[in-house]
Amino acid sequence: MLTKTTVIFFATLFFLYQSVQADSAHPSLIIFTSNQFTFNAEDSSHFSDIKILNLDAVKAVTQHLNHDLPLNEDAALKLVKERIDAIGPNTFNKQILQAYQPLIRAMQLGVDRIPAVVFDNQFVIYGTTDIPLALKRYRQWSVERAFSDE
C-alpha cells in the first residue's frame, strides 16, 4: 500500500529527473583529438554546439617550415624565414594562433590527455571516441549530480 509520503517522494524524484533531463538534453560538446583518433559526431541533434579541436594542428602548421631543413643552423633559419615570407607573415601568424587554440582551450578546461569529450565545459570523459557512449555517461553523471545536490 502506498502512503502519502511514498507518493510525494516518487513524485519529487520524477520531477527532479525531468528537470535534469531538460538541462542535459542538449549539452554543448567539445571533442579533443589528434590525427590518431576519429570521432563519429554525425548525429548532432543531441547537442547545442559541437567543436572538434585537433591538438595536432600546431604540428600541421609547422611541419612545412621544418621539412628538409639543412643541418647548418644559419642556413636552416634562412630557409624558415623564406618559407614564412612565402606564406606571408600575417597569414602565418594567424595560422599559428589558430593552431594553438585547441591547446589553450584544453589547458583552460584542465584536459590533460586525449581523446577527451567535454560536455558543457565541465564534465570530461577520457579514452573514448564513442560519442553515444560518452553522452550516456554524461547523462548518468547529470542524474547522479542532481540527486547528490539534494
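This report describes the fold, helix packing and selected residues of a predicted model.

## Basis of the model

Local features are given only where pLDDT is at least 70 and side-chain atom pairs only at pLDDT 80 or more, while totals for chains, interfaces and linings use all residues. Residues are numbered from 1 along each chain as its sequence is written, and side-chain values use heavy atoms, leaving out hydrogens and water.

## Overall fold

The chain has 5 helices and 4 strands. Helices (H or I, at least four residues) and strands (E, at least two) are DSSP runs, numbered from the N terminus. Along the sequence, the pattern is α-β-β-α-α-α-β-β-α.

Of the 150 residues in the chain, 29% are buried. Buried stands for under 20% relative accessible area, exposed for over 50%, and partly exposed for values in between (1.4 Å probe, protein chains only). A contact requires heavy atoms within 4.5 Å. Among contacts between residues at least 6 apart in sequence, 45% join residues at least 24 apart.

Helix H2 (residues 57-66) packs against H3 at an angle of about 120°, and their axes are 9 Å apart. This makes H2 oblique to H3. Axes are lines fitted to C-alpha atoms, for helices over the stretch in contact, and angles run from 0 to 180 degrees between N-to-C directions. Angles under 35 degrees count as roughly parallel, over 145 as roughly antiparallel, 65 to 115 as roughly perpendicular, and the rest as oblique. H2 contributes His64, Leu65 and Asn66 to the contact, and H3 contributes Val80, Arg83, Ile84 and Ile87. These residues of the contact of H2 with H3 divide into 4 nonpolar, 2 polar and 1 charged. Ala, Val, Leu, Ile, Met, Phe, Trp, Tyr, Cys and Pro count as nonpolar, Asp, Glu, Lys and Arg as charged, and the others, Gly among them, as polar.

H3 also packs against helix H4 (residues 89-109), at an angle of about 95° and with axes 6 Å apart. H3 and H4 are therefore roughly perpendicular to each other. On the H3 side the contact is made by Ile84, Asp85 and Ile87, and on the H4 side by Pro89, Thr91, Phe92 and Gln95. The residues of the contact of H3 with H4 divide into 4 nonpolar, 2 polar and 1 charged.

## Charged residues

Arginine 83 is in helix H3 (residues 73-87). Arginine 83 is buried yet has no salt bridge, and the nearest side chain of opposite charge, aspartate 68, is 6.2 Å away. A salt bridge needs a side-chain nitrogen of Lys or Arg within 4 Å of a carboxyl oxygen of Asp or Glu. For charge, Lys and Arg count as positive and Asp and Glu as negative, while His and the chain ends are not counted. Leaving aside neighbours within four places in sequence, arginine 83 is in contact with His64, Leu65, Asn66, His67, Asp68 and Leu69.

The structure holds 1 salt bridge. Aspartate 112 forms a salt bridge with arginine 113, with the closest N and O atoms 2.7 Å apart. Aspartate 112 counts as exposed at 55% relative accessibility, and arginine 113 is partly exposed, with a relative accessible area of 47%.

## Two buried residues

Serine 34 is in the loop between strand S1 (28-33) and strand S2 (49-54). Serine 34 has a relative accessible area of 6% and is buried. Leaving aside neighbours within four places in sequence, the contacts of serine 34 are Asn54, Leu55, Asp56 and Ile114.

Alanine 116 belongs to strand S3 (residues 116-119) and is buried, with a relative accessible area of 0%. Not counting residues up to four places away in sequence, alanine 116 touches Ile30, Ile31, Phe32, Val111, Val124, Ile125 and Tyr126.

## Backbone features in loops

Most residues other than glycine have a negative phi, and most peptide bonds are trans. The peptide bond from isoleucine 114 to proline 115 is cis, with omega near 0°. Proline 115 lies in the loop between H4 and S3.

Aspartate 68, in the loop between H2 and H3, has a positive phi, near 50°. Aspartate 68 counts as exposed at 60% relative accessibility. Asparagine 121 also has a positive phi, near 60°. Asparagine 121 is in the loop between S3 and strand S4 (123-126) and is partly exposed, with a relative accessible area of 39%.
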